[in-house]
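Thank you all for coming; I would like to walk you slowly through one model today. Please have a look at it first, and then we will go on together.

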Amino acid sequence: MKRRNKILALSLTAAMAVTGLAGCGGSGGSAGGGDPKAGLTVAIWDNGQQKGLQEICNAFTEATGIPAQVQVIEWNSYWTLLEAGASGGDMPDVFWMHSNEAVKYMSNDILLDLTDKVAASTVLEMDKFPEDLKAMYQWEGKTYALPKDMDTIAVWYNKTLFDEAGIPYPDGSWTWDEFYEIAQKLTKDDGSVYGFAANPSNEQDTWMNIVYTMGGCVLNDQGMSGFDDPKTIAAMEFVDKMVHTVMPPASTMSETGTDVLFGSGKVAMITQGSWMVAGFKDNEYIAEHADVARLPKDAATGRSVSLYNGLGWAASKSTKNPEGAYQLIEWFTTKDMQQKQAELGVTMAAYEGVSDQWVNNTDKFNLTPYLEAMDDVVFRPSTKSTLAWWNPMVEELKKPWNGEEDMATACANITAIMNEKIAEEK
Amino acid sequence: MGTIKKGTTRERNEFVWGWAFIFPTMLGLIILNIIPIFQTIYQSFFKTGDFGKGNIFIGLDNYIKMFGDAEVWQSVINTFKYAIVEVPFSIAIALVLAVLLNRKMMGVSAYRTIFFLPMVAAPAAIAMVWRWLFNSEFGLLNHIFGTNINWISDPAIAVFAIAVIGIWSIIGYNMVLFLAGLQEIPRDYYEAASIDGATGINQFFNITVPLLSPTIFFVTITRVIGGLQVFDLIFMVMDKNNPALYKTQSIVYLFYQNSFVENNKGYGSTIVVLLIAIIMVITVFQMIAQKKWVYYN
């Protein structure tokens with residue numbers, strides 16, 4: 001009896017040790033051939049798109065018999081988890097790639113090489129996708145991701161606040177100077193309403209558009225910093241003027257977020273990317289009070305430039321089912337599914353011409369300005385190692401935002417940081 | 001002869017079983033803690049490549065860079081500010097609560113549960129709730145007090161606001177440890193003291209505190225270490241646009257930023273080695289100082 005107890009105790013101890021180990025082991029890499037019917041995990045970072053994408057995945061499962069499950073990992077954790085997965089060998093099978101990080105993943109042999117399969121495909125029409133976007137996800141002649149979507153930027157304005165101030169709704173023919181005057185009129189002295197809001201980290205969706213519209217640039221023709229260009233500095237000083245006269249205090253914007261301030265009627269206008277539409281549609285206040293207008297022009301250049309970017313669908317090199325992963329990416333990239341993505345209101349499509357469907361996905365807002373913005377677009381600036389200078393750039397801009405430094409000094413500092421980091425890449 | 005042999009078998013048995021029982025913990029500690037410590041120290045001498053490939057040995061360059069990096073020293077100051085507020089308050093409040101709850105009264109287990117509850121909630125959820133309580137625009141705190149204080153975006157006070165969250169979440173845990181310690185103190189001492197005319201406060205300082213000192217010492221050591229490792233609260237509460245971030249980010253936060261966001265694991269490791277060194281020095285001093293004030297029966 002006693003002996004049995006001892007054996008029991010010993011086996012329990014052993015079991016504890018084994019389970020303790022299994023926890024950190026995880027599933028290792030995959031075998032060469034793979035299982036063509038193995039289920040796929042699909043990782044994305046945008047909650048607003050989960051429902052629509054899962055629907056597209058379900059259609060894929062029906063057609064091929066391969067299950068595909070969409071998981072949302074919030075943007076800040078997404079890259080940490082993906083990198084840990086890439087180092088540890090346990091990644092999602094199919095996932096979004098972003099221009100900030102693409103080169104790092106492509107150059108380190110983490111992603112499944114799609115080149116031959118794309119070339120052999122009978123259903124893909126790769127000539128219908130924008131060149132910049134395709135090139136972004138190619139490295140040394142090989143294709144590692146296919147374009148998922150495209151995004152542009154437009155102004156969101158609060159109709160009720162415009163009515164109260166007696167200002168007609170913008171029709172998209174305005175200039176940035178007129179925009180500023182309107183923002184001033186909308187800003188109330190008691191601080192209950194502000195005309196406009198933007199954080200230093202609203203780069204792609206706010207201040208970079210102003211820089212390019214006013215003839216400046218973030219990266220110049222030589223691929224170095226454009227923050228020493230007088231036009232860039234002038235544009236940033238215009239942004240600075242708005243920060244200090246028509247926006248809430250920087251601390252308020254950082255604590256609460258500009259989209260929340262807009263969604264609570266505290267701010268009358270913001271500029272946001274088309275990827276926010278799915279979320280704004282579900283926000284009762286915004287759906288009732290807001291509408292969309294095209295970004296203002298610059299009086300001197302006459303241009304209204306919107307930045308554009310697009311995500312890519314990539315697969316892990318170590319996936320258990322490389323054939324299925326490719327099939328899913330191909331599925332997402334076909335004209336039909338690009339159109340379905342637009343119709344469901346997930347995002348605008350990367351495929352030429354089908355985004356008209358996206359405009360009609362909701363009757364709550366007029367989304368045409370996002371489509372019109374395609375007339376004059378600049379691709380989101382990037383280098384081999386974008387984040388190395390992107391984060392310090394945003395960090396430096398917090399100083400003029402908080403009034404600790406004037407904008408010209410910040411631009412000079414950013415130029416120095418960027419040129420140093422970009423030189424290190426070579 | 002027989003008895004000696006029996007004794008040694010028993011000793012041997014105890015030896016074997018003792019090790020068998022701590023083996024899983026030892027294994028976990030070695031694999032999850034001790035090996036990574038040495039790997040981290042090793043990594044701090046490298047300029048690390050993407051995904052752990054292509055590391056280049058650079059000797060002490062990371063350390064030289066760190067000693068000249070104002071951001072690192074600011075984070076050390078921030079971390080100390082946090083710990084100096086969090087540790088004493090969380091211990092003092094928990095101690096008082098434990099003494100008050102260590103008697104027969106109505107609903108004592110309900111109170112104990114209530115104070116322990118923050119420990120059960122996920123730190124990320126706690127931080128999200130407090131973030132909105134502190135919000136300067138829509139927050140409950142400013143609303144109730146009719147103030148307009150930027151609790152978490154004013155560089156002068158943000159770190160203390162975060163320490164308040166830390167105190168709130170750890171009180172229950174400290175309290176449970178103190179309650180366990182209080183059970184060990186014999187009732188007789190209090191009875192004798194009452195007969196001699198000692199007041200409750202006298203009893204607290206002359207009986208409870210000295211006899212509870214081993215528990216207080218244990219809690220202090222673990223709380224100082226925990227406080228110096230603060231990360232999740234700052235990570236969840238502070239947005240990257242927050243103007244107070246520079247005066248709030250802790251050593252571990254900076255380690256996370258460098259290692260996982262900017263992908264410079266070598267430098268991140270260097271920062272965390274500095275933290276290990278700081279914690280070791282402080283703990284050694286605490287171990288020496290305990291001889292002056294901790295009474296083991």
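Let me begin with chain B, where, among the contacts with a separation of 6 or more, 71% are between residues 24 or more positions apart; two residues are in contact here if their C-beta atoms, placed from the backbone, lie within 7 Å. Please keep in mind that this is a predicted model, in which local features need pLDDT of at least 70 and side-chain atom pairs count only at pLDDT 80 or more, while totals for chains, interfaces and linings use all residues. Residues are numbered from 1 along each chain as its sequence is written, and chains are lettered from A and ligands numbered from 1 in the order in which they are written.

Chain B has 12 helices and 2 strands, where helices (H or I, at least four residues) and strands (E, at least two) are DSSP runs, numbered from the N terminus. Its C-alpha atoms fill a box of roughly 75 × 65 × 35 Å along the principal axes. Of its 297 residues, 29% count as buried, which is said of a residue with 20 or more other C-beta atoms within 10 Å of its own, whereas exposed stands for 12 or fewer and partly exposed for anything in between, with C-beta atoms placed from the backbone.

Now to the backbone angles. B:Asn263, in the loop between helix 11 (251-261) and helix 12 (265-293) of chain B, has a positive phi near 65 degrees although it is not a glycine. Is B:Asn263 buried or exposed? With 20 C-beta neighbours inside 10 Å, B:Asn263 counts as buried.

In chain A, A:Asp109 is likewise not a glycine and has a positive phi of about 65 degrees. A:Asp109 sits in the loop between helix 4 (102-107) and helix 5 (115-120), and is partly exposed, with 13 other C-beta atoms within 10 Å.
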